[in-house]
Amino acid sequence: MANYLHPEVIAKAQALGVKARTLVEGLRVGDHKSPYRGFSVEFVQHREYVPGDDIRHIDWKGYGRSERYTIKQYEQETNFTAHLILDASKSMLYGEGDTNKLEFAKVLTSAMAYLIIHQRDSVALNVFDSDWRERLPASGQMGHVQTILETLSGVNPRDKNAMGPLLHDIANQVRRRGLFFLISDCFDDVESVLGGLQHLRFGGHEVVVFHVLHPDEVDFPFNGMVKFDAMEEKMHLLTRPQLIRPTYMRAVKKYLEEFQQGCERNGIDYVMMNTGKLLGETLTAYLAQRLRTKVR
Amino acid sequence: MGFLTPFMLWGALAAGSPVAIHLFFRSRYRTVPWAAMKFLLTSVEQTSRRLKFQELLLLLLRIAVLLMLALAFARPISSVLKGAGRGEAVDAVFVFDLSYSMGANDGAKSRMERAQEEAVKIIDELPPHSTVQIITCAGKTQNLIGPRSPGNLDQAKQLVKDIELTHLATNLSTGVGEAQKVLERGQASNRELYVFSDMQGQGFDQEADKLKATLLQVKERTLVHMVRCGTRTLKNATIESIVPQAGVPRPGERVDFAIVVRNTGSEAMNNIRISLTVDEDEKKLKGAKADEKEIESTIIPKLAGGVSQAVTLSAKLTKPGLSVLTARIDHDDVPGDNRVDQVILVRDQVNILVVDGSPSQPGEDAEKASSFALMHALMPVKDTDRSTYKYNPRSRPSSIVSAADLKDADICILVNCALKPKSRMRGTALKTDFIEALDPFVREGHGLIIFSGDNVQPVDYNEILDKKYGLLPARLKPTIKPPDVVPFFINRDTFAKGPASYWRFSEDKYFESFDAVPVWQLFDMDEPVAVKKPAKTEKEDDAAVKKTPADDQTNPMQVIVRLNNGKPLAVTKRADKGEVVFFATATQPEGADPKTRSPNWTILNKLPHLVYFLDVTLAHLMKGQTQTYNVMAGDALNWYAADKLDHTYEMVHPDHSVTRLGVPVKIERKDSDDLAEDVKKKRDALKLDRYFLTATDLNRAGVHRITALAPGTEGVETTDSDLLVKKGIPIAVLPDPSETEDLGTLSVKDINKRLEFEPIHIVAGEESVSTGEDRLNREWTVWALLVLLLLVLFEVAFAWWCGRAW
């Protein structure tokens with residue numbers, strides 16, 4: 001089994017932790033704000049009593065002052081469930097060694113799982129290509145990290161990416177609001193992907209996209225006569241890359257802008273994960289930036 | 001267009017290398033598994049058309065660069081032969097105009113000297129491995145004189161220096177035609193033609209179409225240079241003719257000769273000195289110093305341009321036989337025509353037998369005789385001078401005349417003679433033996449003149465003189481008379497269409513009264529139908545040069561003069577060595593018409609014209625024996641050998657060089673098939689076959705001499721040309737007068753217009769002209785390199801803009 005838990009990544013990210021910035025629904029009391037109002041510590045508001053409300057929550061002191069039945073509501077703090085959605089399509093196989101996108105994504109997934117479980121939240125793992133390949137239910141046990149690592153270790157891409165429908169699928173399945181971390185190169189139709197992500201957001205989930213790209217895919221540094229074999233389809237293209245580099249760069253830029261703008265419109269965190277850069281630094285930078293952002 | 005180093009064009013095959021490189025790199029690619037195929041496809045889709053266009057343009061640019069590189073290495077030049085060659089080597093052909101106007105003084109040098117210097121300069125500037133062929137041309141002749149080894153430029157220079165002028169007229173067509181053949185045999189890639197001439201107009205006008213067509217063909221593959229060798233306007237006087245004032249020159253007499261001098265230039269000339277000498281070559285050989293007193297000369301104070309003037313000079317003719325008259329002009333710009341020689345026959349007296357067919361009867365007035373007027377016309381001198389007069393006529397009545405009377409006669413004149421007796425005829429018919437003797441008399445070289453009259457019967461004349469002996473110039477028809485009292489008159493202008501001896505009657509106003517000679521009766525004649533000859537072809541021109549005397553046998557009769565009704569009055573015909581003149585009317589009235597009182601025939605006897613006509617006719621018949629001794633330069637000499645027919649003949653030229661002419665060639669006689677057998681036998685017995693020698697290389701004027709070598713010395717090289725001159729028969733060759741008829745030269749514009757293209761014009765002797773530089777100027781290499789540079793710059797810029805490299 002490969003060890004996807006890199007100490008240097010964990011060390012840098014652990015201090016920052018993963019804080020939910022939206023309201024999450026947990027089963028246990030935790031560090032994260034819950035949408036549920038109860039009798040907890042922090043008062044939020046009064047509201048009119050309606051039949052069916054638990055009469056234990058009636059503010060009697062208020063009734064004494066106004067002779068009206070009002071309910072006193074408090075902020076509920078709870079834990080969250082993070083759903084790690086890992087793209088294991090064939091396109092993720094691009095890159096050599098540490099820059100291999102899939103390996104990079106596995107390390108990122110492992111690190112995220114460890115961080116989240118370490119702060120007593122739950123993590124669910126979903127691995128997909130054209131369909132769901134691995135699905136581990138949410139768990140907050142430390143041993144779940146081990147399970148996740150084992151699962152990742154056994155992931156082998158078999159098919160091409162079909163992300164959009166799967167995101168709709170998982171959005172329908174997960175009712176409790178939580179965090180979704182999508183780790184993918186997102187080489188699918190932008191509209192389709194954004195549609196899926198929008199669906200997740202519509203379900204009240206906080207969504208973070210870790211867009212894993214290899215430096216070659218961004219910079220396109222090829223020269224000479226190159227035959228490009230498509231990884232997800234049976235096709236190839238013989239060309240002089242240097243001749244089409246400007247057009248390619250423009251196409252990539254347009255795609256990224258379109259995707260980033262779509263994410264921004266939907267309140268989705270977009271994090272570019274260049275496999276050519278150190279994962280620890282990129283992840284730390286994101287987590288730090290996330291920490292500075294107010295909880296909505 | 002052509003190339004100096006055409007083999008470098010193989011480098012153009014490198015133009016395929018961009019395609020090969022493209023295919024090579026296309027086959028050498030590396031495979032990359034690629035995830036972001038979507039963007040790749042998008043970018044390729046967006047750029048493929050533009051990229052293909054750019055790639056195609058770059059490919060074409062690179063091919064063009066390589067092609068231009070090969071082109072530049074091949075060193076393109078204009079107007080040269082395509083194909084394999086030897087680099088810059090030039091096949092040059094020089095055509096020299098050898099007409100005698102090229103000998104004209106043009107400044108300090110003659111035109112020929114300028115041509116020679118320019119030719120040597122051009123040879124010196126020829127690139128290595130070049131060849132030179134030299135052709136000379138003038139008149140209808142051209143000659144490829146070498147060098148034998150075309151690459152031997154030293155020999156070529158020596159040949160150029162040794163070129164000698166002829167006395168022919170300019171004709172560039174023949175030389176250029178020969179040059180075309182030589183150029184086609186050349187192997188160098190670079191071909192150049194140089195025409196050295198003074199650019200006289202007639203050089204281009206002679207066979208103008210042929211010259212133009214040839215040069216237009218030549219210039220497609222050859223660079224044509226016209227080298228102008230003279231620029232100065234020339235002053236020239238030429239001797240047109242030497243005309244004896246007496247009909248037949250006689251020995252011991254100082255004879256007057258009219259020397260006609262013409263100023264052929266456009267400017268007036270002053271103080272032209274003309275001199276006349278006789279047999280000066282022989283006197284020189286005898287060691288006698290030229291006696292200044294014997295050389296008569298005169299000066300024409302002023303002669304306007306284009307004007308002719310005759311001066312009379314006398315010369316003493318010391319001996320009978322052939323003499324050479326030499327007339328000279330002391331100096332002008334064109335020395336070639338300053339000396340004119342003429343061979344004349346000097347005789348003591350001309351014996352004339354006059355046969356009167358209608359003599360005066362005893363007791364009759366002498367004027368009744370038909371020969372009365374004729375005899376007086378033959379002796380227009382006092383009785384005391386008759387014994388020394390040039391003509392010695394003897395009159396014999398037809399009744400007594402015999403064949404023996406012809407023995408001493410040079411010319412026989414039949415006057416109103418009947419060939420057969422007829423009733424009520426005045427006089428007697430000629431005897432048969434006399435008529436039979438006339439045939440050999442004429443054919444051996446004597447002259448016969450026949451005057452008409454009442455005794456002349458067309459039937460008899462046609463049967464005997466025409467059909468039987470072939471002596472009559474034309475078959476006779478019945479006499480014709482004018483329809484009314486108005487007689488026919490002589491048309492003087494028609495003399496111009498007859499033999500040259502009679503031309504002066506039409507040209508000289510002194511004889512304009514010929515038009516007033518009336519004729520009341522004359523014999524009509526069968527004129528051979530004139531066949532209109534087609535335009536001369538080139539082959540016919542060549543044939544003209546090679547014309548033999550055998551062609552004369554078929555010559556028809558020639559009309560000397562016609563009347564105003566178009567009928568011939570006098571005709572002539574050659575019969576072997578002799579000649580017959582037939583006069584269609586009588587010499588005197590021969591009675592009058594009782595009704596109209598008009599003379600029966602003519603009143604020619606009462607006018608001086610009979611004297612003129614007889615004098616010229618007698619001179620014409622006598623000159624017939626000497627005319628082959630005077631020829632024009634360029635014409636073929638057909639000289640009849642009278643004896644030593646088995647000897648080998650040689651010709652000594654004025655420079656004492658000798659040409660072997662060989663043995664005289666026999667010309668078979670052509671008798672008509674219906675000729676009587678007895679006449680044929682008699683003619684055969686006379687051995688009337690003629691033998692002739694032909695000399696075709698008479699290109700230089702002066703006195704040439706023909707001599708027979710003694711048997712057994714034919715193989716021996718003749719060394720004593722002086723001896724040959726002493727013994728030789730003189731042949732005077734005259735400069736072609738057409739050369740100086742118009743000394744005007746064509747301008748560059750005129751030449752271009754006539755040739756319909758623009759050759760390179762060079763003026764011989766001008767320092768600024770360099771054919772070497774011109775040759776370099778024709779090279780396009782610099783332009784090719786410039787285009788190559790621009791192409792490379794454009795390719796580099798375009799490739800940079802497109803983001804490409806090789």
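**Figure 1. Strands 11 and 12 of chain B, with B:Pro244 opposite B:Phe257.** In this predicted model, B:Pro244 faces B:Phe257, which lies in strand 12 of chain B. Strand 12 covers residues 254-263 and pairs with strand 11 of chain B in the antiparallel sense, over seven bridges. Two strands count as paired if DSSP finds at least two bridges between them. Helices (H or I, at least four residues) and strands (E, at least two) are DSSP runs, numbered from the N terminus. Residues are numbered from 1 along each chain as its sequence is written, and chains are lettered from A and ligands numbered from 1 in the order in which they are written. Local features need pLDDT of at least 70 and side-chain atom pairs count only at pLDDT 80 or more, while totals for chains, interfaces and linings use all residues.

**Figure 2. The open sheet 11-12-15 of chain B.** Three strands make up this sheet, and their pairing is antiparallel. Strand 11 (237-244) and strand 15 (308-316) are the edge strands, each pairing on one side only. From one strand to the next, the twist averages 30°. Strands of a sheet pair through backbone hydrogen bonds, either parallel or antiparallel.

**Figure 3. Helix 1 against helix 2 in chain B.** Helix 1 (residues 17-27) and helix 2 (residues 37-74) of chain B pack at an angle of about 135°, and their axes are 8 Å apart. Axes are lines fitted to C-alpha atoms, for helices over the stretch in contact, and angles run from 0 to 180 degrees between N-to-C directions. Angles under 35 degrees count as roughly parallel, over 145 as roughly antiparallel, 65 to 115 as roughly perpendicular and the rest as oblique; helix 1 and helix 2 of chain B are therefore oblique to each other. From helix 1, B:Ser17, B:Pro18, B:Val19 and B:His22 meet B:Leu59, B:Arg62, B:Ile63 and B:Leu66 of helix 2. Residues are in contact if their C-beta atoms, placed from the backbone, lie within 7 Å. The residues of this helix contact divide into five nonpolar, two polar and one charged. Ala, Val, Leu, Ile, Met, Phe, Trp, Tyr, Cys and Pro count as nonpolar, Asp, Glu, Lys and Arg as charged, and the others, Gly among them, as polar.

**Figure 4. Helix 5 of chain B and its surroundings.** Helix 5 (residues 172-185) has 14 residues and reaches 20 Å from its first C-alpha to its last, close to the 20 Å expected at 1.5 Å a residue; the expected span is 1.5 Å times one less than the number of residues. Its buried residues include B:Leu172, B:Val176, B:Glu178 and B:Leu183. A residue is buried if 20 or more other C-beta atoms, placed from the backbone, lie within 10 Å of its own, exposed if 12 or fewer, and partly exposed in between. The buried residues of helix 5 pack against several elements of chain B, among them strand 4 (90-97), strand 9 (190-197) and helix 7 (208-221). In chain B, 42% of the 806 residues are buried.

**Figure 5. Where chain A touches chain B.** Chain A gives 26 residues to the contact and chain B gives 23. On the chain A side, strand 9 (226-230), strand 10 (236-239) and helix 8 (241-265) each supply at least two residues. Helix 8 of chain A has the largest share, eight residues. The chain A side divides into 16 nonpolar, five polar and five charged residues. Strand 9 of chain A runs parallel to strand 2 (residues 30-34) of chain B, joined by five bridges, and A:Val226 stands opposite B:Arg30.

Conventions. Two residues are in contact if their C-beta atoms, placed from the backbone, lie within 7 Å.
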